Each structure stands twice: as C-alpha cells, then as structure tokens.
Amino acid sequence: MIETLRNPLSLRRAALRQSYIFALLLLLIAIGVMFALNPNFFRPAILNGNLRTYLPLMLLAAGQTIVVIAGGIDLSVGAIVSLVNVVTVVLLGTAPSAGQIVLAIVAGLAAGAAAGAFNGICVAYLRFQPIVTTFASSFLIGGLALFIMPTPGGSVPAGLMDAYRANPLWIPLTLWIGAVVLLVWQIVRSTRFGGYIYAVGGQPLAAYASGVPVARVRLASYTISGLMAGLAGCAFALGTGTGDPLIGLSTSQPITLSAVVAVVLGGTRLSGGQGGVAGSLIGVLVLGLIRNIISFANVPTWWQTLVDSLIVMFALAGPGVAALVRRRRL
C-alpha cells in the first residue's frame with residue numbers, strides 16, 4: 001500500500017521540481033535591480049558579507065520547509081534561535097578550550113533539537129493545533145532565553161569568528177553551507193522518511209491507513225526544525241561575536257515571519273505535501289536582495305514587513321481561491 005501511496009507522490013514531486021521557478025525569476029530580477037542601484041554590491045568582499053547575513057535565515061527556512069511539507073508550521077523558531085544563541089555563548093565562557101567549544105556548540109544544538117521535539121510531542125501526540133502550540137511555546141522558550149541571559153553579553157573567540165568569515169577555495173562559506181544543506185536534503189528526500197514527509201503533509205489519513213508512522217514523522221520534522229534553528233542561533237553568535245536573548249525575536253526584522261515568507265516564495269504550499277528546500281533557499285536570497293534594494297532606494301523599511309505579510313496572506317488564501325474557481329467552472 002505504501003508503494004501505491006508513493007506513486008502519486010512521485011508524480012507530484014516530478015511536477016513540483018519546477019515549483020521554485022517563480023522564486024528563481026524573482027531572484028534574477030532582484031539581482032538586476034540591485035546591480036542597477038549599486039554595482040559595488042557584487043564585489044567579492046561586500047557580497048560575502050551580505051551572504052553571511054543571509055545564512056541564519058537560510059538555515060531557519062530549510063528547517064521550516066520540512067515542517068510545512070509535513071503539514072505543520074513552527075512559529076517558535078525565532079525563540080529557539082535566541083535560546084541556542086545564549087546557551088552557546090554562556091557555555092563558551094571567556095577563554096574556552098577546544099573541548100569547551102565543542103561542548104558549547106553541541107549543548108546549544110541539543111537545546112534547539114529538544115525545543116523542537118517539545119513542539120513535536122505537543123502537535124503529534126497531544127494533537128494540539130500547530131500554529132497555536134508553537135506560538136505559545138515561543139513565549140516559553142523566549143522566556144527561558146531571557147532567564148539564562150537577561151541582557152546581551154558574552155563573547156565568542158576571535159578564531160571562531162575568523163573561521164566563520166572565511167572563504168574556502170575563494171568561495172563564500174555561506175555557499176558551501178547552502179550546498180551541504182541541499183545535498184543532505186536530496187539524500188533525505190530519496191529515503192523512505194522523505195516519502196513519508198510528503199505523504200503525511202499531503203494525505204495524512206491515507207498515509208496512516210498505509211502504515212506510515214504519522215506521529216513519529218511529525219515529531220521528527222519539528223525536531224529537525226529545532227536543530228536547524230539551533231544552527232541559525234550558532235551562526236548569529238559567530239556573526240555578532242556576542243549573545244543576545246532577543247536576537248531571534250526582533251520586531252524590526254521578525255525572523256520567523258521571514259522564514260515562512262521564504263518558504264512560500266520557494267513554492268512550498270502551507271497546506272503541506274508540496275515543495276522543497278532548494279526553493280526556500282532561493283526565497284531567502286530574494287528577501288535579502290529586496291531588503292537591500294529598499295535600503296538603497298530610500299524606501300521606508302515598513303514596506304518590507306507589508307510585502308512579507310501580503311505574501312503569507314496570498315499563500316493562505318490561494319488554495320481556497322483556486323478551489324472556488326474550480327467549483328464555479330464545474
């Protein structure tokens with residue numbers, strides 16, 4: 001029965017491999033506009049610096065994509081970023097040894113995965129609504145981050161920050177990490193678990209009837225999202241050189257909303273069962289360039305928030321509008 005379930009999913013995947021074409025087109029347009037406004041933006045040093053600022057959101061969007069494909073959503077990722085950021089910086093201390101550095105990073109990532117697993121248990125086993133559960137847990141996780149570090153502080157060793165700013169083989173580290181994320185996703189998607197993710201998000205009842213462990217798949221998706229948010233928190237620590245309990249909860253650039261917008265731009269349907277990580281990464285680049293364009297064009301920054309919100313609203317309304325059009329045609 002699982003093979004019967006996978007056959008339509010395979011057809012769907014083949015059709016949706018091009019789901020990020022729209023985001024790719026937007027990316028090309030944004031690159032052209034950015035080049036017209038500021039050709040210096042594409043100088044290697046400046047481009048590398050900007051790509052480095054995009055990296056945390058790329059990691060966050062990759063994790064959010066898996067949750068959304070599985071039929072959920074995670075509004076607590078910004079709070080998880082803050083928690084991992086402060087846990088990592090606090091454990092690093094002032095003059096950490098190599099072992100202490102490894103321990104701090106592992107503990108931070110474990111905290112992120114544990115927070116994601118908590119969301120997964122509430123959604124998959126306690127049957128709570130994902131949007132309400134993760135919104136509520138964001139306050140719990142954010143409060144824990146403030147308890148650990150009430151005010152920004154701490155420091156990151158200069159060697160770690162230099163490694164984060166490096167360009168291996170003259171290629172920005174962000175591109176290397178993005179390539180690794182895509183490679184891992186391609187491997188996961190080719191496994192049985194990858195098929196389960198699409199099945200659970202697209203047709204959960206049929207998946208359950210076919211023997212798919214729906215609850216475990218949803219739990220795993222939220223755990224992976226928490227782990228990716230943990231990586232984003234570590235990236236923020238390496239980029240800023242300090243800890244900040246509010247870094248993932250900023251109201252000026254809400255990273256959780258940005259991650260959801262990037263996922264939608266990349267062709268992942270919020271109702272689940274469709275999309276991929278590649279499109280979400282392209283969506284992050286589009287959002288980053290739009291913000292730079294707004295900055296260089298002297299456009300009020302609130303336009304970015306307005307655009308992000310409208311994208312999410314259209315994504316939510318899209319399936320309903322499409323269904324209404326189909327009914328009227330029939």
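Author: What follows is a short chat about the model, its confidence and a few of its parts. This is a predicted model, where local features need pLDDT of at least 70, side-chain atom pairs count only at pLDDT 80 or more, and totals for chains, interfaces and linings use all residues. Residues are numbered from 1 along each chain as its sequence is written, and side-chain values use heavy atoms, with hydrogens and water left out.

Reader: OK, what's the mean pLDDT of the chain?
Author: The mean is 86, and 88% of the residues reach 70 or more. pLDDT is the predictor's confidence in each residue, from 0 to 100.

Reader: Where does the pLDDT stay below 50?
Author: Residues 1-9 are one such stretch, with 15 contacts in the model beyond near neighbours in sequence; a contact means heavy atoms within 4.5 Å. Residues 14-18 are also under 50, with 2 contacts beyond four places in sequence. Where pLDDT is low, the predicted coordinates should not be read in detail.

Reader: Switching to rings, how many aromatic pairs are there?
Author: A search of the whole structure finds 4. Rings of Phe, Tyr and Trp (its six-membered ring) pair if their centres lie within 6.5 Å; planes under 30 degrees apart count as stacked, over 60 as edge-to-face and the rest as tilted. Phe35 and Phe42 form a tilted pair, because their planes are at 45°, with ring centres 6.0 Å apart. Phe41 and Phe42 have centres 5.2 Å apart and planes at 80°, so that pair is edge-to-face. Ring pairs link Phe35, Phe41 and Phe42 into a cluster.

Reader: And is Phe41 buried or exposed?
Author: Phe41 is buried, at 2% relative accessibility. Phe35 is partly exposed at 48%, and Phe42 is partly exposed at 27%. Buried means under 20% relative accessible area, exposed over 50%, partly exposed in between (1.4 Å probe, protein chains only).

Reader: What about Thr174, where does that sit?
Author: Thr174 is in helix 8, residues 173-189; helices are DSSP runs (H or I, at least four residues), numbered from the N terminus. Thr174 is buried, with a relative accessible area of 3%.

Reader: Which residues does Thr174 touch?
Author: Leaving out residues up to four places away in sequence, Thr174 touches Leu51, Arg52, Leu55 and Met58.

Reader: Last one: which residues of helix 4 meet helix 6?
Author: Among them are Leu83, Val86 and Val90 in helix 4, and the helix 6 side includes Ile141, Leu144 and Ile148.

Note on methods
Helix = DSSP H or I, 4+ residues; strand = E, 2+ residues; numbered from the N terminus.
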